[in-house]
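Work through the exercises below with the model in view, and try each task before you read its solution.

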Amino acid sequence: MSVKIAHSAASHGAPLQGEIAVPGDKSISHRALILGALSVGESTIHGLLEGADVLATAQALRAYGADIRRGSDAVWRVNGVGVGGLMTPSDILDLGNSGTGARLLLGLTAAHGITSIFTGDASLRQRPMERVITPLQQMGARFEAAPGGRLPITVIGTNRAMPIEYRLPVPSAQIKSAVLLAGLNAPGCTAVIEPRPSRDHTEHLLRHFGAEVTIGSDDDGARRISLTGRPELQPQTVAVPGDPSSAAFPIAAALLVPGSEITVTGVGLNPLRAALLDTLREMGARITERNRRQDQGEPIADLVVRAGPLRGIEVPGERAPAMIDEYPILAAVAAFASGATVMRGIGELRVKESDRISAMANGLGALGVQVEELEDGLIIQGHDGPAPAAKGVCINTEMDHRIAMSFLVYGLAAQGPVQVAGCEMIETSFPGFSELMAGLGAHIEAVS
């Protein structure tokens, strides 16, 4: 187990070399646990992400009556209670820092006639939940929330959930998934209409576990996902691919540190998740795929990454849903590209674990990078080579794991060491990050 630390420093060193596998996909891990808990019988999950966020979801599902165990073989076994079979938790459910876990479980609980109380850490309690609450109220659930629709939230679920047709106000896989999970215990057809496609792991896994899901187009061309309620889900085996959002960090480091060449094996390349790779390739990145295959509807490949010069581009705004979590590391990469990189249409980043637009703008500016903060984006002027690293600056990550990892990667290729605070939060989504990077030759160390 890695040692949790408050501060780390990253500095330039030898080229990165080697072959690695990143932890399992966080989005798929949450959903595999939830659908396993709603199945009748034992499901097995290989490659589950064992970060704090996913473990919080597992603990909540245990409180609902599911038997969830990790074997000595690192395989997770879930004995579910069936759709409609959740028990009333005996205590408050603490989701820690997991926005995904909280929002998905709000949906799951809404369509069961039980009462649950959700809370989380200080960061999660600041994140808005109203977008999820609104459609779930339409289905018949009641909510008692802190001001602004925030945690702590008491959910008074209904055992007479009404199927609804809900048009998402913004592309959001979490809102979509919450409605679909509630729809599992509602009679008839529940439909979600997306203005733009968002990651579709929920649809793939619902089908994998035996639910009837159809995908088509609405009259205006929007994507319509329809679910037939009250299925008897069947236990399944799930192999979780490597998380593309986690793979983004060693990939970026290998692109930036001269002479580097690494292979990242078994990365999930769902087209609604993999837009960062398209963006990096447009910037000139040398990233090639090997051994491409498909499992449970999810494309997977090994990625070979080689360092080389990059150029700034304007990232299409419509690409945002397919790479929303990767904009912090893209901002770090853009500091090393020649010319300007323009990112617009990413206002959703202001309500993540932190205001990620401001966090990246402030951190890059403190290091000496020319950056303009927009209401819904960033414009970063790259350096066409090693980017600056101002002495005596310690980056404030706002306790956001992706901000922390992005600036550590930045430090690996900068003109001088970069010190980053709040690195203990990395364990929530990427356990063993520093050790994995050290295995490639990266210089990341704890500082007092």
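**Exercise 1.** Find which backbone nitrogen a side-chain oxygen of Asp-400 reaches at the start of H11.

*Solution.* At the start of H11, the side-chain oxygen of Asp-400 comes to within 3.0 Å of the backbone nitrogen of Arg-402. This is a predicted model, in which local features need pLDDT of at least 70 and side-chain atom pairs count only at pLDDT 80 or more, while totals for chains, interfaces and linings use all residues. Residues are numbered from 1 along each chain as its sequence is written, and side-chain values use heavy atoms, with hydrogens and water left out.

**Exercise 2.** Decide whether H11 is mostly covered or open, and state how many of its residues are buried.

*Solution.* Take buried to mean under 20% relative accessible area, with a 1.4 Å probe and protein chains only. By that cut-off, 13 of the 13 residues of H11 are buried, and the helix is mostly covered.

**Exercise 3.** Classify the ring pair of Phe-430 and Phe-433.

*Solution.* First, the structure holds four aromatic pairs (rings of Phe, Tyr and Trp, the last by its six-membered ring, with centres within 6.5 Å; planes under 30 degrees apart count as stacked, over 60 as edge-to-face and the rest as tilted). Next, the ring centres of Phe-430 and Phe-433 lie 5.2 Å apart and their planes stand at 70°, so this pair is edge-to-face.

Definitions and conventions: Buried means under 20% relative accessible area, exposed over 50%, partly exposed in between (1.4 Å probe, protein chains only). Helices (H or I, at least four residues) and strands (E, at least two) are DSSP runs, numbered from the N terminus. A polar contact is a pair of N or O atoms within 3.5 Å; within protein, one must be able to donate a hydrogen and the other to accept it, and residues adjacent in sequence count only if both atoms are side-chain atoms.
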